[in-house]
Each structure stands twice: as C-alpha cells, then as structure tokens.
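This report describes the secondary-structure packing of one protein model. The sequence and the model are shown first.

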Amino acid sequence: MYLTQKNHLRADKQTYETLKRLTKLSKNLYNFTLYTIRQYFFNHGKYLNKNTAYHTVKENDNYKLLPSQVAQNTVETVDGSMKSFFKLLDKKRKGEYEKPVSLPKYLDKDGNFICTFKKDQLKVIDDNIRLSLGLDYYRTYGIKYLYFKIPDNIIGQYEQLLSHFL
C-alpha cells in the first residue's frame, strides 16, 4: 500500500498560465495522436502501434513544445486506449463480450489533459522541485523550468520518496 498526500498548489499567474498551456498542448497531442491512429484504422483496418505513430506525431507542434517524455507519455496513453479497444473488439468477435464497443473519443476542444513528468525531469533544489520544460518550450515562451515548494511535512524525506515512487 502506498502512502499518498494531496497538495493544492499555490501558483503565481505565470506558473498557472504555463500549467494551463502545458495541459492544453497535451490535450491537443492526445487528439492528434488519436486522429492519426483512428484514420489508419479506418483506411487499413488494423492497428497503428505507438512506435510507428510516433514518427508521424513527433513532427506536430504540440509534441515539439511539450517536454519529450511528457509528450511520449501522452502518446502512450492513446496507445493504451486503442489497445483496450482492440482487445474488447477481439472479445466481441469471439462472443465473450456482449456490450457495444466504440473507438476512444476525442477530448473536448476546450479541455485539458494530464502531463506526466518522469523522475529524470525532476530535480530537487533546496526545498523545491524543479520541472524541466524543454528547449522548444523555452525558445517559444521563455520559460525553462517550473518550481514547486515541497510540502513542509515531507521536507528531508523527499529524496527517499522520489527514489521509491517516481
């Protein structure tokens, strides 16, 4: 069992706008990747795996602006959704599943999607966690890093926590 703690971030306007922009870019990449895979399915009747889809979506502006691992995580999420769809479709064909099966849906145009940062994108500096946003994002928006204060009750324990859970 994992111990979890929910924290509400207090962010200045620039950090808030950056987070909104990142989650919007992630949503756009999700929809673009889903579109690419769906179109391949409609045109060829089979699945376009994430490794092949990657070569198409990596040229998308949303992919380029997101930190590379965040973008890859978004593509992997779409891949997981499509794999689930195909598994259900296979079960339905075998008669093992009765309910209707539909392709994953696009995310809302005005919506957002998660940005998952991996351990190597995090750096602890003093009592803050620094997230790297990538070179293309920096060139476009002038912001290289985001900083978040580590909650007081885990200061001193964060290195141990990061090594176990991220």
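## Sheet and helix packing

Strand β2 (residues 128-132) pairs with β3 in the antiparallel sense over 5 bridges; strands are DSSP E runs of at least two residues and helices are H or I runs of at least four, numbered from the N terminus, and two strands pair if DSSP finds at least two bridges between them. Ile129 stands opposite Phe148 in β3. The open sheet has 3 strands in the order β1-β2-β3, with antiparallel pairing. Its edge strands, β1 (122-125) and β3 (145-149), each pair on one side only.

The model is predicted: local features need pLDDT of at least 70, side-chain atom pairs count only at pLDDT 80 or more, and totals for chains, interfaces and linings use all residues. Residues are numbered from 1 along each chain as its sequence is written, and side-chain values use heavy atoms, without hydrogens and water. The pLDDT, the predictor's confidence in each residue from 0 to 100, averages 88 over the protein, and 91% of the residues score at least 70.

Helix α1 (residues 13-44) and helix α4 (residues 68-94) have axes that come within 9 Å and cross at roughly 40°; axes are lines fitted to C-alpha atoms over the stretch in contact, with angles from 0 to 180 degrees between N-to-C directions. The contact (heavy atoms within 4.5 Å) involves residues including Leu29 and Phe41 of α1 and Val78 and Phe85 of α4.
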